[in-house]
Amino acid sequence: QVQLVESGGGLVQAGGSLRLSCAASGSITSINTMNWYRQAPGKQRELVAYTSTGGSTTYADSVKGRFTISRDNAKNTVFLQMNSLRPEDTAVYYCNVHARTTYWNDYWGQGTQVTVSS
């Protein structure tokens with residue numbers, strides 16, 4: 001099994017910054033993509049940022065230039081640096097990892113609340 005532990009959410013004023021972390025542990029033999037999703041009240045979960053093993057990244061248009069995803073492969077950890085936060089960034093943020101134990105599978109963190117006040 002794989003466990004994902006997220007941290008770093010909280011309440012911040014518009015224009016502020018937060019840094020989310022997600023550490024994967026368990027019987028992991030390999031990790032492919034490490035991603036961040038978010039879900040605002042009444043909305044569908046959406047992909048915020050994606051990073052591959054080789055370090056390539058993709059961002060949702062709404063966060064380009066403000067958010068940066070990075071990963072530490074040695075520690076099986078992915079980060080999301082969020083700058084210039086806006087009230088519309090308010091959501092529960094979820095870490096998602098495509099990892100192999102015996103088989104490849106998708107794993108999700110428990111979610112961390114990010115609230116941006118205006």
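A: A charge is said to sit over a ring if NZ of Lys or CZ of Arg is within 6 Å of the ring centre and within 35 degrees of the ring normal. R45 also lies over the face of Y94, where the distance from the ring centre is 3.8 Å. The model is predicted, so local features need pLDDT of at least 70 and side-chain atom pairs count only at pLDDT 80 or more, while totals for chains, interfaces and linings use all residues. Residues are numbered from 1 along each chain as its sequence is written, and side-chain values use heavy atoms, with hydrogens and water left out.

Turning to E46, this residue is found in strand β5, which covers residues 46-51 (a strand is a DSSP run of E with at least two residues, numbered from the N terminus). E46 counts as partly exposed because its relative accessible area is 34%, a value placed between buried, under 20%, and exposed, over 50%, with a 1.4 Å probe and protein chains only. If its neighbours within four places in sequence are left aside, E46 is in contact with W36, Y37 and R38, where contact means heavy atoms within 4.5 Å. With R38 there is also a polar contact of 2.7 Å between the side chains (a pair of N or O atoms within 3.5 Å, one able to donate a hydrogen and the other to accept it). L11, by contrast, is 35 residues from E46 along the chain, and their C-alpha atoms are separated by 21 Å.

Terms used:
Helices (H or I, at least four residues) and strands (E, at least two) are DSSP runs, numbered from the N terminus.
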